[in-house]
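Dear colleague,

I would be grateful if you could look it over before reading my notes.

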Amino acid sequence: MPGRYYEEFAVGETIEHAKRRTISEADNQRFCDMTMNQQPLHLDADFAEGTQFGERLVNGLYTMSLAVGVSIPETTDGTIVANLSYDGVEHPNPVFHGDTIRARSTVTDKRETSDGERGVVTMHVEAFKTVEEGDDVLVCEFDRTVLSEKRPDGE
């Protein structure tokens, strides 16, 4: 599914993203290795057992990146010029190996660029983990601002 052009975003609309991902230990390990983040809370089971969490946590930047990734098909796939900013990032609850993550985006603002050639769109992105009881728990939220293409003439 292609992403949306600037004109196709509506302020106030909420987009539930279809893709989900269950995070494995290998996912977390690879992300930490690629980013050179050797925080023992993410990688050392013995260390993490002695913390308030009792087990290793998934790297919060991976959780945020995953939320962006699963949002791409319904928002900016093929229609983005650039990600401009990620603001107000919060991680209100931990993510553990085996948690399944889903996301939703709410369009909070949009405006044309000063030359009128493109548009700037801001979305509030929320990532949730699904728990056995069927209630989703918020694990990450942030505002993502993108520079979006306008629909080409004739389309």
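Predicted model: local features only at pLDDT ≥ 70, side-chain atom pairs only at ≥ 80, totals over all residues.

The chain holds 4 helices and 6 strands, arranged from the N terminus as β-β-α-α-α-α-β-β-β-β. Its C-alpha trace spans about 60 × 35 × 25 Å along the principal axes. Of the 155 residues, 39% are buried. Among contacts between residues at least 6 apart in sequence, 70% join residues at least 24 apart. The accessible surface comes to about 8300 Å², and carbon and sulfur atoms account for 47% of that surface. As for charge, there are 15 positive and 30 negative side chains, with the centres of the two sets 4 Å apart.

An unreviewed UniProt entry places a "MaoC-like" domain at residues 11-123. Over that stretch the chain is 32% helix and 31% strand, and the end C-alpha atoms lie 9 Å apart.

Arg56 sits in the loop between helix H3 (45-49) and helix H4 (60-75). Arg56 has a relative accessible area of 19% and therefore counts as buried, the cut-off being under 20%. Leaving aside residues up to four places away in sequence, Arg56 touches a set of residues including Leu41, Leu43, Asp44, Val95, Phe96 and His97. Glu25 is also one of the residues touched by Arg56, and the two side chains make a polar contact at 2.8 Å. His42, another residue in contact with Arg56, is 14 residues away from Arg56 in sequence and 5.0 Å away in space, C-alpha to C-alpha.

With kind regards

Notes:
Residues numbered from 1 in each chain as written. Heavy atoms only, no water. UniProt positions renumbered as here; feature names shortened; annotations may be inferred. Helix = DSSP H or I, 4+ residues; strand = E, 2+ residues; numbered from the N terminus. Buried < 20%, exposed > 50% of the residue type's maximum accessible area, 1.4 Å probe, protein only. Contact = heavy atoms within 4.5 Å. Polar contact = N/O pair within 3.5 Å; in protein donor to acceptor, adjacent residues only side chain to side chain. Areas by Shrake-Rupley, 256 points an atom, 1.4 Å probe, with all protein chains shown as cover. Lys, Arg positive; Asp, Glu negative; His and termini not counted. Charge placed at Lys NZ, Arg CZ, Asp CG, Glu CD.
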